[in-house]
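Welcome! Take a look first, then read on.

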Amino acid sequence: MTKRVIGITGGAGSGKTEVLRILENEYGARIIIADEVARELSSPGGKSYEKIVEAFGPEILMEDKNIDRPKLSAIVFHQPRLLETLNNIVHPNVREEIERQIAQSELPLIVVEAALLIECGYRDICDEFWYVHSEEGIRRRRMKETRNYSDEKIDSIIRNQLSEEQFAKNCDKILENNSDLEHLRKEIEKLMDQH
């Protein structure tokens, strides 16, 4: 059985979650979300847990011994060196786990969603990269409505992500998501047919 592995990326608020939902429900895709894999591996007993605690100290732990993710984010957010330390612990383990899940999947269509799909070199484990593109104004509105983010938080998120040009240049297909759900479905259908 040949598997088709699609990597999905795009800026915050571009609608990646909606795209994943459609691919799962309407195309029977196996969905792998890098963030969820990272969270699992960073939980007590997970492959990244000990190394993270070792690198950042026991003060990042909550009472139940889970990592206080907001606290850890706040520590690394303005310190590129510490963020790099964290990424060097987390990303290789996440990638290895994603490769394992792809290999074990019985389904012909696998979709990997990762914010850092391009930066982390997932090119060799995906057949194609899709960039979910939404205009910045639409993304800002979505982040305010669905996540209650402040303008300041949205600014910093957008500043820390690849530019539209970088996303587009590194992806094989661009999925426009500036309209309604019906339009998005048609766009996905078009891309699925271009295999």
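The model is a predicted one: local features need pLDDT of at least 70, side-chain atom pairs count only at pLDDT 80 or more, and totals for chains, interfaces and linings use all residues. Residues are numbered from 1 along each chain as its sequence is written, and side-chain values use heavy atoms, leaving out hydrogens and water.

Q: Why is Arg-4 called buried?
A: Buried means under 20% relative accessible area, exposed over 50%, and partly exposed in between (1.4 Å probe, protein chains only). Arg-4 has a relative accessible area of 7%, so Arg-4 counts as buried.

Q: Which way do the residues of β1 point?
A: Arg-4, Ile-6 and Ile-8 point one way, while Val-5, Gly-7 and Thr-9 point the other way, and all are buried. As for the name, helices (H or I, at least four residues) and strands (E, at least two) are DSSP runs, numbered from the N terminus.

Q: What makes β1 and β3 a pair?
A: Two strands pair if DSSP finds at least two bridges between them. β1 and β3 (residues 109-113) have five bridges, in the parallel sense. One example is Arg-4, whose bridge partner in β3 is Leu-109. β1 also pairs with β4 in the parallel sense, over four bridges, and there the bridge partner of Ile-6 is Glu-128.

Q: How do you know that Arg-4 and Glu-128 form a salt bridge?
A: A salt bridge is a side-chain nitrogen of Lys or Arg within 4 Å of a carboxyl oxygen of Asp or Glu. Arg-4 and Glu-128 meet at 3.0 Å, N to O. Arg-4 lies in β1 (residues 4-9) and Glu-128 in β4 (residues 128-133), so the pair ties together parts that are 124 residues apart in sequence. Glu-128 is at 6% relative accessibility, so Glu-128 counts as buried. Arg-4 and Glu-128 are also linked with Lys-173 in a network of salt bridges.

Q: Why can such side chains pair?
A: Side chains of opposite charge can pair because their charged atoms come close. A search of the whole structure finds 15 salt bridges.

Q: What makes Glu-136 and Arg-140 about one helical turn apart?
A: They are separated by about one turn because they lie four residues apart in helix α6 (residues 136-147). Glu-136 has a relative accessible area of 35%, so Glu-136 is partly exposed. Arg-140 is at 22%, so Arg-140 counts as partly exposed too.

Q: Is Lys-16 buried or exposed, and how do you know?
A: Lys-16 has a relative accessible area of 12%, so Lys-16 is buried. Lys-16 lies in helix α1 (residues 16-27).

Q: Which residues does Lys-16 touch?
A: Contact means heavy atoms within 4.5 Å. Not counting residues up to four places away in sequence, Lys-16 touches Ile-8, Thr-9, Gly-10, Gly-11, Glu-113 and Val-132.
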